[in-house]
Amino acid sequence: MTRYRLSELLLAIALILLGVVFRFLPHPANVAPIAAVALFSGAMLRARIAWIVPLAAMAASDAVIGFHSLILFTWGCFVLTIFIGRWVRRKTNILTVIGGSLVGSVLFYLVTNAAVWAFTPLYDKTLSGLMLSYTMALPFFRNTILGDLFYSGALFGLYAFAILAVRTGKIKSSLTHQA
């Protein structure tokens, strides 16, 4: 295994562990690193590894927390966020990371709350029921945005710092080779 492949594998494992551990730590609702992990994985890992990372973190943590009937929608949003990360990968900078994070947050809000409306008995199956679903989820949406921006900033920021440290000779690694 090349040094780059080993570094990528270790990064993927670290991201999975980050996702799992932070889902178990006390946190406000919807403030978790999974979407940021998906965005970062999409931007920084090879495609065949990127999609495994958030799904492995979700599978491992949901096995303990509990699976739910809307899992295809929540996990599906994280897979789609990987594709947003592929877009961020084209030109990774603070604006694309913030934009990608916000797009992922909005996607998660729209998809999961539409799924709650459509597949649970909580809301009338009318347009006003759908709008009520979205309205009731606004506090969670705020938390999603804040969490996604924080964790995306942390992941991309730490990675940029590590690349800078490698390039200036502070640490030796194969992190500078991108997929």
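Colleague: How many aromatic pairs does a search of the whole structure find?

Modeller: A pair of aromatic rings is described by the distance of the centres and the angle of the planes. In this predicted model, the search over the whole structure returns eight aromatic pairs. One of the pairs joins Phe-40 and Phe-156, with 5.0 Å from centre to centre and 75° between the planes, an edge-to-face arrangement.

Colleague: Which parts of the chain does the pair of Phe-40 and Phe-156 tie together?

Modeller: Phe-40 belongs to helix H2 (residues 34–44) and Phe-156 to helix H8 (residues 138–167), so the pair ties together parts that lie 116 residues apart in sequence.

Colleague: Are Phe-40 and Phe-156 buried or exposed?

Modeller: The cut-off for buried is under 20% relative accessible area. Phe-40 counts as buried because its relative accessibility is 1%. Phe-156, at 8%, is buried as well.

Colleague: How are the rings of Tyr-109 and Phe-141 arranged, stacked or edge-to-face?

Modeller: Planes under 30 degrees apart count as stacked. The planes of Tyr-109 and Phe-141 stand at 25°, with the ring centres 4.1 Å apart, so this pair is stacked. The pair links distant parts of the chain, 32 residues apart: Tyr-109 sits in helix H6 (residues 94–119) and Phe-141 in helix H8. Both Tyr-109 and Phe-141 are buried.

Colleague: Which residues do ring pairs link into a cluster?

Modeller: Phe-22, Phe-150 and Tyr-151 are linked into a cluster by ring pairs.

Colleague: Let us turn to the fold. What does the secondary structure of the protein come to?

Modeller: The protein has eight helices and zero strands. Read from the N terminus, the order of elements is therefore α-α-α-α-α-α-α-α.

Colleague: How is the radius of gyration of the protein to be read?

Modeller: The value is set against that of a compact globule, which for 179 residues would be near 16 Å; the protein has 17 Å, which agrees. The C-alpha trace spans about 60 × 35 × 30 Å along its principal axes.

Colleague: Where do the mean positions of the charges lie relative to each other?

Modeller: The mean position of the 14 positive charges and that of the 4 negative charges are 19 Å apart.

Definitions and conventions
Residues are numbered from 1 along each chain as its sequence is written. This is a predicted model: local features need pLDDT of at least 70, side-chain atom pairs count only at pLDDT 80 or more; totals for chains, interfaces and linings use all residues. Side-chain values use heavy atoms; hydrogens and water are left out. Helices (H or I, at least four residues) and strands (E, at least two) are DSSP runs, numbered from the N terminus. The radius of gyration is taken over C-alpha atoms; the globule rule is 2.2 Å times the number of residues to the power 0.38. Lys and Arg count as positive and Asp and Glu as negative; His and the chain ends are not counted. The place of a charge is taken as NZ of Lys, CZ of Arg, CG of Asp or CD of Glu. Rings of Phe, Tyr and Trp (its six-membered ring) pair if their centres lie within 6.5 Å; planes under 30 degrees apart count as stacked, over 60 as edge-to-face and the rest as tilted. Buried means under 20% relative accessible area, exposed over 50%, partly exposed in between (1.4 Å probe, protein chains only).
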